[in-house]
Amino acid sequence: MPVPGVPILEGLYPSTLDLYPFEAKEFNRIHQFYENLRQKRFTTTKCKKCGNVPFPPRVVCPQCNSEDLEWVDLPTQGKVLRFTEEVAGVPLGFESPLIHALIDLGVGRKLISRVINCKEGQLKEGDTVKLAVYDVPPMIIEKRGGVMEEAPRVFFAFEPVK
Amino acid sequence: MEDVAIVGAGQSVFARSCGESIRELCFEAYKEALEGLDITGNDIDASVVCSAPEYDKQRSPSGLISEYLELTPKPTFYVETVCSSSSTGLRVAWSLIKAGLHKTVAVIGFQKMSELSSRDAAERMGRGGDIIWESPFGITMPAGYAMYARAHMARYGTTEEHLAKVRVKNSHYGVANPKANYRKELSLEDILNSEMITSPLKKFDCCANADGSSCIILAGGDVAKSITKKPIWVVGLGAATDTMSMAGRKSLTGLQCAQEAAKQAYEMAGVKPQDIDVAEVHDCFTVSELLAYEDLGFAKPGEGAGLLEDKETYVEGKIPVNVDGGLLSKGHPIGATGGSQIRTIVRQLRGEATEAQVKDAEIGLVHNIGGVGQYGNVTILRR
């Protein structure tokens, strides 16, 4: 179906409007993170030279510039430190309530994540949440000769531990 | 080296929907900025154009705006730090003049948000965050500041009523500002009973998207004195950043980028928080104004709400803040906002803020934040 006002978009993949990262190995050097995610592993890189473990994962150690890094697992459970339930005006592509939380993974690491599978009013500060991995729409990659290939994708959020 | 002054400051009316194209919108602010000056467009040596690009259909808007203002063939370029773009523009213009490259520079900020649906605008706003690690969650500025509000409440006992008092004040002053989008006085109950947006922030805790433009004209000291009787001197400039990802923040009870920018600006100007006669702070949300009181040193950490209780940030108070209605009343056309804040302080220091003039204001401060505390800019002006 043609898009009103933008008939040229029919059948095309508008990459700059894509909501999710370009996860395929053709487009970034941390695609292993998404491969691990597919196995329900939440990972980052550790520098074999200086032991630095940054998150998000890197391709060069920001501390010592070493390229000798290895993939290590992070905890897949954490505690909710702060959260907000967005009930109005959520961005295009998302549904209300859209719940965001600052999560403490322990091991001195915090991250911002969405909390899914959770009703409005259900979450409390201090609750335990666990990693949830889900499929998102595939990315379309244009190969030689204009052939369009679909690269499957996953993304992550956290969900309450029942 | 020559000092740098603001010689002209203008803005369009900020409106939910301006009904004009970005070039027409920019001309309004430019026209007001030139009013009363003994120069014409021919005397402007360069322009810096500021907006957040994700809302624009037009790519490379600086060339277009420059042409429409008939500034061609003078150099022009584009500067962006999301919501603080035009404060960054002022910083760049100051440097161009200080370096001796140009004598007179126009900083033009604009945003036209009405071309997008509000949910589309929200989605693009989210792309001002980290598009690999945070935007895919759908997180946007309201949700980010909501978490700051939660953290401030948990640590200091700040209440939703405290936050609402920011809007009570700003709505009071917004009524008198002919450039503001929202001009109704709101009661504490109106605000506390308004619909929830993202807990604990309610509809009236949030500023509205708007269309608007601003223009600040700066000149070196000698030129400034020759073209206006009331140059306003740029005496303090501070700029800092914090992590794009909110997970990287040291704490959520204050904006570190604002604290650092304030420190730099106070030091450069040789003044202290108590020397400031009037301030414009980035109240994109009620909580943002409260954080600003503390980050700028108007109150100690955790004591910002006390300034509101004692009405110390009203015109008659110890440190009047956002007495033009703030972003909460004016609306927040991203790229134009910093220039509008600067314009308000310029009018205050010139004694021309007829709607709500702070008596004998001599030193003013502008606090302008990009994103959820990613970019902090503090500017101190003096008459």
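Axes here are lines fitted to C-alpha atoms, for helices over the stretch in contact, and angles between N-to-C directions run from 0 to 180 degrees. In this predicted model, that convention applies to helix H3(B), which lies across S1, S2, S3, S4, S7, S8, strand S10 (363-370) and S11 of chain B. Relative to S4(B), H3(B) runs at about 170 degrees.

Nine strands of chain B make up an open sheet with mixed pairing, in the order S3-S2-S4-S7-S1-S8-S11-S10-S9. Strand S3 (76-79) and strand S9 (278-280) of chain B are the edge strands, each pairing on one side only. From one strand to the next, the twist averages 25 degrees. One of the pairings joins strand S8 (residues 232-241) of chain B to strand S11 (residues 375-382) of chain B; these two run antiparallel and are linked by eight bridges. B:Gly236 has B:Ile380 in S11(B) as its bridge partner.

Helix H2 (residues 61-68) of chain B lies across strand S2 (46-50), S3 and S4 of chain B. The angle of H2(B) to S3(B) is about 135 degrees.

H3(B) also packs against a helix. Two packed helices are described by the angle between their axes and the distance between the axes. For H3(B) and helix H13 (residues 334-350) of chain B, the axes come within 5 Å and cross at roughly 60 degrees. On the H3(B) side the residues are B:Ser85, B:Ser86, B:Ser87 and B:Leu90. They meet B:Ile334, B:Gly335, B:Ala336, B:Thr337, B:Gly338, B:Gly339 and B:Ile342 in H13(B). By class, this helix contact has seven polar, four nonpolar and no charged residues.

The next level is the domain. Chain B is divided into domain 1 (4-116 + 210-232) and domain 2 (127-207 + 234-382). Their C-alpha centres lie 23 Å apart. The contact between them takes 40 residues from domain 1 of chain B and 34 residues from domain 2 of chain B. On the side of domain 1 that touches domain 2, the elements giving two or more residues are strand S1 (4-11), helix H3 (85-98), strand S4 (104-111) and strand S7 (212-220) of chain B. H3(B) gives the most to that side, with seven residues. By class, the domain 1 side has 21 nonpolar, 14 polar and five charged residues.

Taken as a whole, chain B has 13 helices and 11 strands. Its radius of gyration is 19 Å, close to the 21 Å that the globule rule gives for 383 residues, so chain B is as compact as a globular protein of that length. The C-alpha trace of chain B spans about 55 × 45 × 40 Å along its principal axes. Of the 383 residues of chain B, 62% count as buried. Among contacts in chain B between residues at least 6 apart in sequence, 78% join residues at least 24 apart.

Chain B also touches chain A. That contact takes 30 residues from chain B and 26 residues from chain A. On the chain A side, the elements giving two or more residues are strand S3 (77-86), strand S4 (98-104), strand S5 (110-115) and strand S7 (148-160) of chain A. The largest share of that side, five residues, comes from S5(A). By class, the side of chain A that touches chain B has 16 nonpolar, five polar and five charged residues.

Conventions. Residues are numbered from 1 along each chain as its sequence is written. Chains are lettered from A and ligands numbered from 1 in the order in which they are written. This is a predicted model: local features need pLDDT of at least 70, side-chain atom pairs count only at pLDDT 80 or more; totals for chains, interfaces and linings use all residues. Two residues are in contact if their C-beta atoms, placed from the backbone, lie within 7 Å. Helices (H or I, at least four residues) and strands (E, at least two) are DSSP runs, numbered from the N terminus. Ala, Val, Leu, Ile, Met, Phe, Trp, Tyr, Cys and Pro count as nonpolar, Asp, Glu, Lys and Arg as charged, and the others, Gly among them, as polar. Domain bounds come from an automatic or database domain assignment. The radius of gyration is taken over C-alpha atoms; the globule rule is 2.2 Å times the number of residues to the power 0.38. A residue is buried if 20 or more other C-beta atoms lie within 10 Å of its own, exposed if 12 or fewer, and partly exposed in between; C-beta atoms are placed from the backbone. Two strands pair if DSSP finds at least two bridges between them.
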